[in-house]
Amino acid sequence: MKLSETEAEAAIKRFQEFLRFETISATAPSTGAYVKCANFLKQELEAVQKVGSENGKSDSLLKNIHFLPEAPDHSPVVVAHWPGKDPTLPVLLLNSHYDVVPADLEAWTVPPFGAERSSDGKIYGRGTQDMKCVCMQYIEGIRKLHQTRPEWQPERDIYLTFVPDEEIGGNGMAAFLDSDLYKYKLPGIVLAL
């Protein structure tokens, strides 16, 4: 499922927008950067949901896109549910984090949150590899799948989680593990990536 040139350019633009959130673990809870970034992720997931509904197959769409209630308001955990054919099977968890470590401005030749694109197509910015790229890969992969095969539904439920503060201990994942969703609603997790 190769992206067209137009689709690829749109995906790159979304990635660049995502990289510009200064989600530095040590400061983002107090600056509001986590909240702004989490809202962006939620909007992108909702846009994927809309793509699928436009293709007319609502039972294979992302559902229940929300902030995990057990996470602090200043450090949202974004959750989305992709229903599978058999909800009794243990789920697949696609987890990623949207926080980054501090950037030493003296060590950068470009602004670390500028998400600048070089003439050869490389994008430079804090988080391009660890780990904002994975957040967007999950979203873009599902977006393309919904566009090309709207009738496709996974065998088991898939949950996507986007957590803050992985770089400083993982309180977002701890909130997920302490959540009603994890403790009482999931039939287990077969694999977490």
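Helices (H or I, at least four residues) and strands (E, at least two) are DSSP runs, numbered from the N terminus. Residue numbers start from 1 along each chain as its sequence is written, and side-chain values use heavy atoms, with hydrogens and water left out. The model is predicted: local features need pLDDT of at least 70 and side-chain atom pairs count only at pLDDT 80 or more, while totals for chains, interfaces and linings use all residues.

**The sheet**

Which order do the 5 strands of the open sheet follow? The order is 1-2-6-3-7, with mixed pairing; two strands count as paired if DSSP finds at least two bridges between them. Select 63-67 and 189-192: these are strand 1 and strand 7, which stand at the edges with a single partner strand each, so one side of each has no neighbour in the sheet. On average, neighbouring strands here are turned by 15° against each other, direction ignored. Axes for such angles are lines fitted to C-alpha atoms, for helices over the stretch in contact, and angles run from 0 to 180 degrees between N-to-C directions.

Next select 91-97 and 158-163. These are strand 3 and strand 6, paired in the parallel sense over 6 bridges. Within strand 6, L160 is the residue that stands opposite L94. In general, strands of a sheet pair through backbone hydrogen bonds, either parallel or antiparallel.

**The cores**

Show the nonpolar side chains. A nonpolar core is a set of buried Ala, Val, Leu, Ile, Met, Phe, Trp, Tyr and Cys residues joined through side-chain atoms within 4.5 Å. Buried means under 20% relative accessible area, exposed over 50%, and partly exposed in between (1.4 Å probe, protein chains only).

The largest core has 35 residues, and those with the most contacts inside it are F18, L41, L45, L62, Y98, L160 and F162. At least two residues of this core come from each of helix 1, helix 3 (33-54), strand 2, strand 3, helix 4 and strand 6. Centre on L45: beyond residues up to four places away in sequence, L45 touches L62, I65, V78, A80, I139 and F162, where contact means heavy atoms within 4.5 Å. Another core, of 12 residues, lies apart from the largest one and includes V79, Y159, F176 and L186.

Select Q16, in helix 1 (residues 5-19). Q16 is buried, with a relative accessible area of 6%. Apart from neighbours within four places in sequence, Q16 is in contact with A115, E116, R117 and I123.

Move to H97, in strand 3. Is H97 buried or exposed? H97 counts as buried, at 4% relative accessibility. The H97 side chain makes a polar contact of 2.7 Å with the side chain of D99, and another of 3.2 Å with the side chain of D130. A polar contact is a pair of N or O atoms within 3.5 Å; within protein, one must be able to donate a hydrogen and the other to accept it, and residues adjacent in sequence count only if both atoms are side-chain atoms. Setting aside neighbours within four places in sequence, the contacts of H97 include M131, K132, C135 and V163.

**Cysteines**

How many disulfides does a search of the whole structure find? The search finds 0, a disulfide being a pair of cysteine sulfur atoms within 2.5 Å. C37 is buried at 0% relative accessible area, and C135 is buried with a value of 0%.

**Backbone stops**

Most residues other than glycine have a negative phi, and most peptide bonds are trans. Select D130 and M131, which are joined by a cis peptide bond with omega of about 5°. M131 sits in the loop between strand 5 (123-124) and helix 4.

Next comes N64, in strand 1, where phi is near 45°, a positive value in a residue other than glycine. N64 counts as exposed, at 51% relative accessibility.

End at D165, in the loop between strand 6 and helix 5 (171-177). D165 is not a glycine but has a positive phi of about 55°, and D165 is buried, with a relative accessible area of 7%.
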